[in-house]
Amino acid sequence: MRDTSRLEGHGGSPPRLRIFLLGLGALVASLALAACGGDDEVGGGSDQEVEVAKPGPVNGDLNISTWVGYIDKGEGNTISEFEAEYPGTTVNYNEDVNDNVEFFGKLQPQLQEGQSGGRDIFVVTDWMAKQMYDLGYLQEIDLADLPNVEANLRDDLREPPFDPERKFSVPWQSGLAGMIVNKKLAPDITSVNDLFDPKYKGKVTVFTEMRDVVPLMLLADGIDPEEATKEEWLEQIDQLEEAANSGQLRRFTGNDYIQDLTNENVVASIAWSGDIALVDNADAEFVMPDEGCTLWSDNMVIPAGAPNTAAALAWMDFVYDPNIQADIAEFVNYVTPVQGVQEILTQRDPELGNNQLIFPDEQFTENCVAQVDPPGEQADVDEVTERFQEVVTG
Amino acid sequence: MTGVRRRLAPYGLLGPGAIWLALFFVIPMYFMGELALREGTFTEGFRSAFEISNFSDSLSGNTEQLLRSFWYAGAATVIALLIAYPLAYAIALRAGRWKLLLLFAVIAPFFTTYLIRTIAWKTILADESPLLDVLHFLSLVPDDGRVLATSGAVIAGLTYNFLPFMILPIYASLERLDTSLIEAGKDLYASATQTFLRVTLPISMPGIVAGVLLTFIPAVGDYVNAELLGGTGTSMIGNVIQSLYLEQRNYPEAAALSFVMMAAILAVVLIYLRVAGTGAFMGEEEERR
Amino acid sequence: MMEAATATARTGPALPARAWRWLRRNALLIFAGLAVLYMLVPILVIAAFSFDSGNAQGELDFAFNAFTFEYWRNAFGNPDVNDSMIKSLQLASLSMVVSTAIGTLMALALVRHQFFGRRATNLLIILPMATPEIVIGAALLSMFITYNLDLGLTTLFIAHVMFSISFVVVIVRSRLIGFDRSIEEAAADLGSPPLTTFRTVTLPLLAPGIVAAALLAFALSIDDFVISNFNSGTTVTFPLYIFGASLRGIPIQVNVLATMLFAVTVIAIALVLWQQRRAEQMAAVRPDV
């Protein structure tokens with residue numbers, strides 16, 4: 001039997017007082033610890049100096065963070081060709097970007113400290129590249145180190161508004177945001193407004209990417225996104241909220257809409273042009289909305305603190321060789337930023353040369369506009385962004 | 001062992017654990033509190049401040065999701081209880097030689113990752129799946145309706161994932177039931193229902209209370225089920241906090257909302273314990289044995 | 001017609017009535033069986049889909065394509081999956097060892113000693129179990145952010161040990177409470193110093209509880225998603241990999257590995273139970289000491 005006499009209290013202060021004293025002690029200890037460390041400011045930009053990415057001998061690991069479906073796979077793919085060209089290198093190709101905001105949020109604490117999370121290259125959309133640069137999270141790139149890029153970059157991409165001197169970004173692929181529609185189950189969807197047709201309730205999705213969704217909706221209502229006012233943006237977001245609450249919209253997605261389209265949980269969605277190559281459903285097609293599309297680019301950027309800038313620069317230059325790029329373009333079906341690819345692909349297969357998704361002609365994109373930010377000052381942009389996030393989170 | 005060493009012994013044993021918990025549980029809570037009081041924006045930086053309004057702002061801005069979380073978690077808890085109690089009763093008192101096997105089968109799902117289990121439900125509940133065909137046929141789901149990406153799917157996921165937490169405590173308390181008490185009830189001419197209500201139920205009450213708490217509390221803050229099985233308008237408070245922290249980077253609001261959520265859970269739990277009776281949960285009853 | 005009636009009169013009530021009686025008597029067990037089936041359905045789905053051929057990229061697309069052994073033969077063919085699994089196993093093993101050690105010491109202190117701060121320590125142990133994971137994850141992140149710490153395996157390790165300690169304490173404590181100390185006292189009477197008694201008597205008798213706690217700590221760590229999501233930076237554990245993959249396409253190898261993990265744990269537990277049963281049988285056969 002247990003000797004219970006030892007279990008009697010030592011007498012003295014009542015239990016409640018003890019707990020209070022202990023709690024007080026813990027609080028004091030915490031305050032002490034907090035005082036001897038910790039930042040006065042959290043968030044905001046990095047206060048490190050902006051460096052220029054240094055070239056050098058190419059070997060070791062190259063870590064890339066990018067979107068899904070952006071590179072050719074299988075025999076003789078680009079990664080294996082790069083590794084053959086530069087023996088001793090290993091390319092770790094991580095398809096872990098599902099959405100710009102999500103990716104940024106995940107990495108932000110490290111980026112602020114000048115750490116890249118082990119990555120040498122991020123592939124992010126124009127506006128996110130600019131945001132990262134403004135916050136001091138990126139290294140600058142000297143085009144003199146990238147002869148292929150200098151020679152072959154498409155002229156219309158040399159001086160984009162967000163990076164007029166191409167100081168910190170090199171386009172990876174461009175694309176169109178339009179719709180992917182299951183022609184068998186939703187034959188009459190030709191405009192973004194058709195997505196709100198109650199006939200397709202619960203079978204429609206849109207992106208979490210504000211700069212694709214809202215401009216498309218503005219276009220569908222006949223408003224030029226570049227001229228739209230903040231109120232018009234907010235109005236569209238209100239419409240979006242209504243559709244979300246009524247169950248018209250099934251979900252807000254990033255790349256994960258592809259699976260829903262494949263197994264027909266979803267019959268139509270706002271979509272990125274090249275993703276049609278990933279949807280494993282014979283009835284699905286990329287549809288250019290009647291009113292036009294948005295144009296965007298995803299860019300390779302080098303984060304501050306990247307461990308292997310030499311390999312990063314080599315990779316950027318490598319993929320701008322038209323022969324290498326041709327393989328990528330053929331596989332991913334996005335708009336290639338490299339000149340000279342159209343000729344190569346036309347030789348392989350004339351139809352490829354005319355593929356509107358890879359080489360859109362003037363007519364195809366006549367109503368398309370470039371991605372735009374919400375109008376106004378930073379505070380206005382924040383207001384619209386916050387409102388959109390609210391609706392998207394549900 | 002001398003008197004002093006004996007006095008100090010428990011602190012030595014306690015030391016590592018208490019320090020670890022203090023450093024990595026208590027202090028982070030303090031930091032979260034400090035973060036909740038800051039003001040500013042992400043691009044400018046969040047400065048130390050005393051912005052108490054963050055708490056009320058986060059509550060008023062997210063009341064819908066908070067209430068929805070309680071509704072989903074509550075529904076899941078009730079359904080889990082209705083499934084778990086008969087199951088636990090059957091295993092504890094009626095299973096005989098199958099007891100161990102059934103118990104095993106109940107715990108087994110635990111051994112696949114939480115995420116994979118939930119993703120499996122995505123396959124089972126997909127719009128074109130055989131299960132949906134059956135449900136359409138039985139008119140349990142309208143012909144143009146779906147289960148996935150609705151609140152029903154989220155509640156179903158929550159129920160499923162937390163069922164073992166409900167079953168095990170109830171099983172544990174039922175297992176200690178002295179069957180002679182039930183026989184005594186019969187001897188005294190009580191009906192089966194009366195025996196159940198007067199003998200079995202009260203004795204298993206601590207198990208029920210533990211099970212309800214172990215299910216409800218984590219369910220309210222759940223993130224995965226709403227994310228994978230939900231659609232628009234089904235997000236729970238956990239999803240909002242995640243979004244605020246990792247996507248919108250609005251750290252003060254995220255931290256404030258976390259505290260608000262904990263306070264709300266605490267309030268509900270205290271009310272529940274007052275109604276159901278406490279003591280058993282703190283385990284003091286056991287130690288006096 | 002008459003013959004049928006007489007036939008029934010001779011053999012007892014009609015078949016439907018008999019069936020109904022049998023149903024009522026075994027209703028509980030039938031319900032239990034159905035409930036257990038419900039709990040196992042996702043496991044069956046996961047295992048079944050490990051034999052799926054998947055889509056063109058060898059990924060799950062939520063509908064069965066073709067039966068194949070390919071991914072079982074090539075279970076470790078996907079380097080990303082393997083890396084994440086290895087990280088998870090490393091993390092879980094380390095976390096298991098440290099948290100079990102710390103937790104066992106704490107349990108010993110709490111059960112066997114009376115000291116100032118006992119109630120408070122009790123509270124400190126229960127709080128993490130009662131706090132939703134999202135709050136723990138967010139709070140830890142708040143602290144790591146404020147101190148500008150590097151997120152990765154270290155921060156994950158800290159977090160995993162932290163939330164495992166409470167569970168270890170609870171399990172070992174319940175084992176300690178039913179502990180017969182007369183054996184220890186006998187050893188002391190025979191001149192054994194306290195540390196030796198602890199090592200040769202207490203620890204072996206505590207072993208089942210400690211092992212159970214260790215297994216639980218391992219399971220909690222390898223399964224953890226929410227807390228890891230907040231504090232992992234770019235490190236990818238198995239659950240984190242699965243979540244990311246669920247957004248773009250889950251390789252079938254994930255199903256294969258999950259089924260393997262499940263089978264291994266099931267077999268391990270079965271062995272432990274079988275071993276225990278044998279030990280009990282042998283103890284029953286041995287003459288009383």
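**Exercises on salt bridges and an interface**

B:E64 and B:R68 both lie in helix α3 (residues 63-94) of chain B, where they stand four residues apart, about one turn of the helix; helices here are DSSP runs of H or I with at least four residues, strands are runs of E with at least two, and both are numbered from the N terminus. This is a predicted model, in which local features need pLDDT of at least 70 and side-chain atom pairs count only at pLDDT 80 or more, while totals for chains, interfaces and linings use all residues. Residues are numbered from 1 along each chain as its sequence is written, and side-chain values use heavy atoms, with hydrogens and water left out.

**Exercise 1.** Find how the side chains of B:E64 and B:R68 meet.

*Solution.* The two side chains meet in a salt bridge, at 2.7 Å from N to O; the term requires a side-chain nitrogen of Lys or Arg within 4 Å of a carboxyl oxygen of Asp or Glu. B:R68 counts as buried at 11% relative accessibility, buried being under 20% relative accessible area, exposed over 50% and partly exposed in between (1.4 Å probe, protein chains only).

**Exercise 2.** Work out which parts of chain A are tied together by A:D373 and A:R211.

*Solution.* Begin with the salt bridge between the two side chains, 2.5 Å from N to O. A:D373 lies in the loop between β11 (369-370) and α13 (378-393) of chain A and A:R211 in helix α6 (residues 210-220) of chain A, so the pair ties together parts 162 residues apart in sequence. Finally, A:D373 is partly exposed at 42% relative accessibility, whereas A:R211 is buried at 7%.

**Exercise 3.** Identify the salt bridge between chain B and chain C.

*Solution.* The rule finds one across this interface. C:D223 forms a salt bridge with B:R117, their closest N and O atoms being 3.6 Å apart.

How values were computed. Chains lettered and ligands numbered in written order.
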